[in-house]
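Trainee: I have a model open and some questions ready. Can we go through it piece by piece?

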Amino acid sequence: MTRIRILNQQHKTTMITLTGHADYDPGHDIVCSAISLLAYTLINYMLEYHPEALPAYQDDPGNFVICIDRSAGPSPEIDTAICMFEIGAESLAGNYPENVEVNNDTI
């Protein structure tokens, strides 16, 4: 199972962690591919358009960590990118509940 955690910290930081493997169909895992696509799209968008707001990310097999710095103030573009990631992740969890779990927390 892939576990996705989206942690929003009072509009200062959004930390997204993805751990594990979906195990939908080993060797042909469309669910794992979809999750990776969402994560890489978010990372590449941030690197291309808002590199100052992406101080760190890690993309090891079975372990993504994406840290988005939001301390510079509101950014509709960054909010939209994060929202699109959340919608994609929640759609996968809804369609593949035995393979994907999403937790969205604010502290």
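Trainee: Which residue forms a salt bridge with aspartate 105?
Mentor: Keep in mind that this is a predicted model. The closest N and O atoms of the pair are 3.1 Å apart. That is inside the 4 Å cut-off for a salt bridge. The partner of aspartate 105 is arginine 5.

Trainee: How many residues apart in sequence are the parts that aspartate 105 and arginine 5 tie together?
Mentor: Aspartate 105 lies in strand S5. Arginine 5 lies in strand S1. So the pair ties together parts whose separation in sequence is 100 residues.

Trainee: Is aspartate 105 buried, partly exposed or exposed?
Mentor: Buried means under 20% relative accessible area, and exposed means over 50%. Aspartate 105 has 30% relative accessibility. Arginine 5 has a relative accessible area of 38% and is partly exposed. Aspartate 105 also counts as partly exposed.

Trainee: Which residue meets glutamate 101 in a salt bridge?
Mentor: The N to O distance for this pair is 3.6 Å. Glutamate 101 lies in S5 (residues 100-106) and its partner in S1 (residues 2-9), so the pair ties together parts that are 98 residues apart in sequence. At 30% relative accessibility, glutamate 101 counts as partly exposed. Its salt-bridge partner is arginine 3.

Trainee: What is the relative accessibility of arginine 3?
Mentor: Exposed would need a value over 50%, and buried one under 20%. Arginine 3 counts as partly exposed. Its relative accessibility is 43%.

Trainee: Now the helices. What span should H1 have at 1.5 Å a residue?
Mentor: H1 covers residues 30-49, which makes 20 residues. Its end C-alpha atoms are 28 Å apart, and this agrees with expectation.

Trainee: Within what arc do the buried residues of H1 fall?
Mentor: The buried residues are Val31, Ile35, Ala39, Leu42, Ile43 and Met46. Seen down the axis, they line one face of H1, because they fall within an arc of 100°.

Trainee: Which exposed residues sit on the face of H1 turned away from its buried side?
Mentor: The buried side is covered by elements including S1, S2, S3, S4, H2 and S5. The face turned away from there carries the exposed residues Leu37, Glu48 and Tyr49.

Trainee: Which residue has a side-chain oxygen that reaches a backbone nitrogen at the start of H1?
Mentor: The backbone nitrogen belongs to valine 31. The oxygen comes to within 3.1 Å of this nitrogen. The residue is aspartate 29.

Trainee: What arc do the buried residues of H2 cover?
Mentor: In H2, the buried residues are Ile78, Ala81, Ile82, Phe85, Glu86, Gly88, Ala89, Leu92 and Ala93. They are on the same side of H2, because the arc around the axis is only 165°.

Trainee: Which residues are exposed on the other side of H2?
Mentor: S1, S2, H1, S4 and S5 are among what covers the buried residues of H2. The other side has the exposed residues Pro76, Met84, Gly94 and Asn95.

Trainee: Which residue of the turn between S3 and S4 has a positive phi?
Mentor: S3 (residues 56-60) and S4 (residues 63-69) pair in the antiparallel sense over five bridges. They form a hairpin with two residues between them. The phi in question is about 75°, and the residue is glycine 62.

Trainee: What is the phi of aspartate 23?
Mentor: Most residues other than glycine have a negative phi. Aspartate 23 is found in the loop between S2 and H1. Although aspartate 23 is not a glycine, its phi is positive, at about 55°.

Note on methods. Residues are numbered from 1 along each chain as its sequence is written. This is a predicted model: local features need pLDDT of at least 70, side-chain atom pairs count only at pLDDT 80 or more; totals for chains, interfaces and linings use all residues. Side-chain values use heavy atoms; hydrogens and water are left out. Two strands pair if DSSP finds at least two bridges between them. Helices (H or I, at least four residues) and strands (E, at least two) are DSSP runs, numbered from the N terminus. A salt bridge is a side-chain nitrogen of Lys or Arg within 4 Å of a carboxyl oxygen of Asp or Glu. Buried means under 20% relative accessible area, exposed over 50%, partly exposed in between (1.4 Å probe, protein chains only). The expected span of a helix is 1.5 Å times one less than its number of residues. The arc is that of the directions from the helix axis to the C-beta atoms. Contact means heavy atoms within 4.5 Å. A polar contact is a pair of N or O atoms within 3.5 Å; within protein, one must be able to donate a hydrogen and the other to accept it, and residues adjacent in sequence count only if both atoms are side-chain atoms.
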